Amino acid sequence: MDKVFKALSDPTRRRVLQLLRKAPMSAGELSDHFAVSKPTMSAHFAVLQEAGLIASQRSGRTIIYGLVMSVLEEALLGFAQTFGWGGESERATRGKHTKLARRPAREET
Amino acid sequence: MTLNRISSRAASALPLVGIGLALANWNARPAEARAWAIAVVMLFVMIAVRYGWQLALRRSSERNDSSERAAIISAALIRIVGEVNRGVVFGALMMVISLALTLAHSYGLVDVPRGGRWTTMTMILVGAYLAVLGNAMPRQLPPLASMQGHGARVQAFQRLAGWTWVLCGLGFAAVWLAMPFDEARRVAPALVAAAMIVTIVEFARLVFSLRKLRLHGQNLN
């Protein structure tokens with residue numbers, strides 16, 4: 001359970017879980033929503049996987065992530081979102097996303 | 001592995017024992033025919049669900065497909081069959097115990113006081129079990145490779161079913177904890193029936209939408 005609390009304490013990881021609530025996504029699709037480097041995102045995915053909140057599967061050259069949260073864990077995520085667990089507030093993370101959306105697309109392959 | 005074999009054997013035997021006991025109860029107390037008929041139907045549903053999954057597993061292993069996707073689907077089916085077996089064992093065991101006690105009571109072998117603390121405790125445990133089952137439901141993610149294009153629908157169904165059964169289980173336990181015996185006997189089954197209806201309707205909608213999606217894909221090809 002400690003790993004679950006640790007995973008939910010970070011706003012970026014919570015946002016990843018929120019995105020995966022809609023549908024399974026590839027690592028690239030998920031990373032596009034954040035203004036952080038790919039290694040940082042990989043570290044976040046590793047923490048979430050270690051906590052057993054997401055599962056990954058390789059499909060060709062891409063890795064697809066899917067949510068494997070129990071109802072209790074989802075309720076904890078809801079609490080974490082509401083009360084803003086962790087140091088950084090949700091607003092700050094959203095700010096990052098807005099900045100990313102405004103930034104012109106980088107030519108990165 | 002041995003545990004899986006034991007649960008598989010128990011899952012085949014217990015519903016049949018339950019059906020035998022329900023028929024014996026029917027014979028002993030024909031006035032309550034409706035209750036025994038419901039018990040028989042529930043046990044037949046358990047048998048049908050179990051054999052349905054086993055058939056799916058057999059078909060999947062008979063198919064000479066050595067692709068990675070087929071291996072993943074087969075592994076998921078093995079896991080699901082194991083889960084179904086365990087569920088059938090628990091559900092059938094609960095029914096067998098209560099049917100055996102009722103039958104023994106009908107023949108004057110044991111004294112089971114109506115509305116006793118024992119029944120209430122059992123029902124609270126059943127409610128807790130339903131909540132635990134519901135809690136784990138969204139974790140039973142089918143292989144992501146098999147969800148291409150419709151992962152969101154499958155995931156949404158699993159989450160809805162999970163929440164429905166958690167709330168149903170907690171409600172069921174709360175009803176038996178707080179309400180008088182006769183009222184709890186009316187309200188608790190209604191909660192389970194409501195959860196079943198929600199799950200079945202949503203499952204039918206999921207199957208319908210997946211079939212539509214598949215047909216649409218075939219038309220495009």
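Author: Chain A averages a pLDDT of 78, and 77% of its residues score at least 70; pLDDT is the predictor's confidence in each residue, from 0 to 100. This is a predicted model, in which local features need pLDDT of at least 70 and side-chain atom pairs count only at pLDDT 80 or more, while totals for chains, interfaces and linings use all residues. Residues are numbered from 1 along each chain as its sequence is written, and chains are lettered from A and ligands numbered from 1 in the order in which they are written.

Helices (H or I, at least four residues) and strands (E, at least two) are DSSP runs, numbered from the N terminus. Across residues 89-109 of chain A the pLDDT is below 50, and this stretch has 13 contacts in the model beyond near neighbours in sequence. Two residues are in contact if their C-beta atoms, placed from the backbone, lie within 7 Å. Where pLDDT is low, the predicted coordinates should not be read in detail.

H4(A) packs against helix H2 (residues 11-22) of chain A at an angle of about 70°, and their axes are 10 Å apart. Axes are lines fitted to C-alpha atoms, for helices over the stretch in contact, and angles run from 0 to 180 degrees between N-to-C directions. H2(A) and H4(A) are therefore roughly perpendicular; angles of 65 to 115 degrees count as such, under 35 as roughly parallel, over 145 as roughly antiparallel and the rest as oblique. From H2(A), A:Thr12, A:Arg13 and A:Val16 meet A:His44, A:Val47 and A:Leu48 of H4(A). The residues of this contact of H2(A) with H4(A) divide into 3 nonpolar, 2 polar and 1 charged. Here Ala, Val, Leu, Ile, Met, Phe, Trp, Tyr, Cys and Pro count as nonpolar, Asp, Glu, Lys and Arg as charged, and the others, Gly among them, as polar.

Chain A also has an open sheet of 3 strands in the order S1-S3-S2, with antiparallel pairing. Strand S1 (25-26) and strand S2 (54-59) of chain A stand at the edges with a single partner strand each, so one side of each has no neighbour in the sheet. S1(A) pairs with strand S3 (residues 62-67) of chain A over 2 bridges, in the antiparallel sense; a pair requires that DSSP finds at least two bridges. A:Met25 stands opposite A:Tyr65 in S3(A).

A:Met1 lies in the segment before helix H1 (2-8) of chain A. Why does A:Met1 count as exposed? A:Met1 has 9 other C-beta atoms within 10 Å, and a residue is exposed at 12 or fewer, buried at 20 or more and partly exposed in between, with C-beta atoms placed from the backbone. A:Glu73 is 72 residues from A:Met1 in sequence, and their C-alpha atoms are 9.5 Å apart.

Now the partner. Chain B has 6 helices and 0 strands, and 24% of its 221 residues count as buried. Its mean pLDDT is 82. The contact between the chains takes 14 residues from chain A and 16 residues from chain B. On the chain B side, helix H4 (117-136) and helix H5 (151-178) of chain B each supply at least two residues, and H5(B) gives the largest share, 6 residues. That side divides into 10 nonpolar, 5 polar and 1 charged. For the complex, the predictor gives an ipTM of 0.72 and a pTM of 0.65.
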